[in-house]
Amino acid sequence: MVILAVLILSSMAGATWLPCSFFAMSLSSAERNNLIKAAFEAKDKAYSPYSHFPVGAALLALDGAIIQGCSVDNASYADTICAERVAIVKAVSDGITNFRGLAITSNLFSAISPCGLCR
Ligand SMILES: [Zn+2]
């Protein structure tokens, strides 16, 4: 699995998107905007009744496909799964293992990074 570019994004609901980190291979404006939009859409599907911290992620595959993932809380917290892992598991289970970008969003105004397991 290769992730060549990482976008880490965060925003308040309805506020301007604030990309804070961008590495490696550049994406076109359209690819970047579509990836960010998909991450926000995914965040809206997050299941976060315990953490109250919804997170969305979107992976851009080499073929241009976008795979979304959202955080899924578990009452035990330890079994909570992060948005980026949901997206990666969805992609791999469909045979997609090479990626060009990843966008991650939350409701925080400040930037977020991938979770501790994914860093
Ligand atoms: Zn993670």
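This is a predicted model: local features need pLDDT of at least 70, side-chain atom pairs count only at pLDDT 80 or more; totals for chains, interfaces and linings use all residues.
The protein averages a pLDDT of 83, and 79% of the residues score at least 70; pLDDT is the predictor's confidence in each residue, from 0 to 100. Residues are numbered from 1 along each chain as its sequence is written.

Two helices and six strands are present in the protein, where helices (H or I, at least four residues) and strands (E, at least two) are DSSP runs numbered from the N terminus. Their order from the N terminus is β-β-β-α-β-β-α-β. The pLDDT is below 50 over residues 10–24, a stretch that has 34 contacts in the model beyond near neighbours in sequence. Two residues are in contact if their C-beta atoms, placed from the backbone, lie within 7 Å. Of the contacts between residues at least 6 apart in sequence, 60% join residues at least 24 apart.

Buried residues account for 34% of the 119 residues in the protein. A residue is buried if 20 or more other C-beta atoms lie within 10 Å of its own, exposed if 12 or fewer, and partly exposed in between, with C-beta atoms placed from the backbone. Leu27 is located in the loop between strand 3 and helix 1. Leu27 counts as buried because it has 20 C-beta neighbours inside 10 Å. The C-alpha atoms of Leu27 and Gly101 are 7.9 Å apart in space, although the two residues are 74 residues apart in sequence.

Helix 1 (residues 29–43) comprises 15 residues and reaches 21 Å from its first C-alpha to its last, close to the 21 Å expected at 1.5 Å a residue; the expected span is 1.5 Å times one less than the number of residues. Its buried residues are Leu35, Ile36, Ala38, Ala39, Ala42 and Lys43. These residues lie on the same side of helix 1 because they cover an arc of only 160° around the axis, the arc being that of the directions from the helix axis to the C-beta atoms. Ser29 and Ala30, on the other side of helix 1, are exposed.

Strand 4 (56–61) is mostly covered, with five of its six residues buried. Strand 4 and strand 5 run antiparallel and are joined by five bridges; two strands pair if DSSP finds at least two bridges between them. Within this pairing, Ala57 has Gly69 of strand 5 as its bridge partner. The hairpin of strand 4 and strand 5 has four residues between the strands, and Gly64 takes a positive phi near 95° there. Strand 4 also pairs with strand 6 in the antiparallel sense, over six bridges, and the bridge partner of Ala58 in strand 6 is Ala103.

In helix 2, the buried residues are Ala83, Glu84, Val86, Ala87, Ile88 and Ala91. Their cover includes helix 1, strand 4, strand 5 and strand 6. Just after helix 2, Gly95 adopts a positive phi of about 85°.

The largest nonpolar core contains 25 residues, and those with the most contacts inside it are Leu35, Ala39, Ala57, Ala58, Leu59, Ala83 and Ala87. At least two residues of this core come from each of helix 1, strand 4, strand 5, helix 2 (83–93) and strand 6 (98–105). A nonpolar core is a set of buried Ala, Val, Leu, Ile, Met, Phe, Trp, Tyr and Cys residues joined through C-beta atoms within 7 Å.
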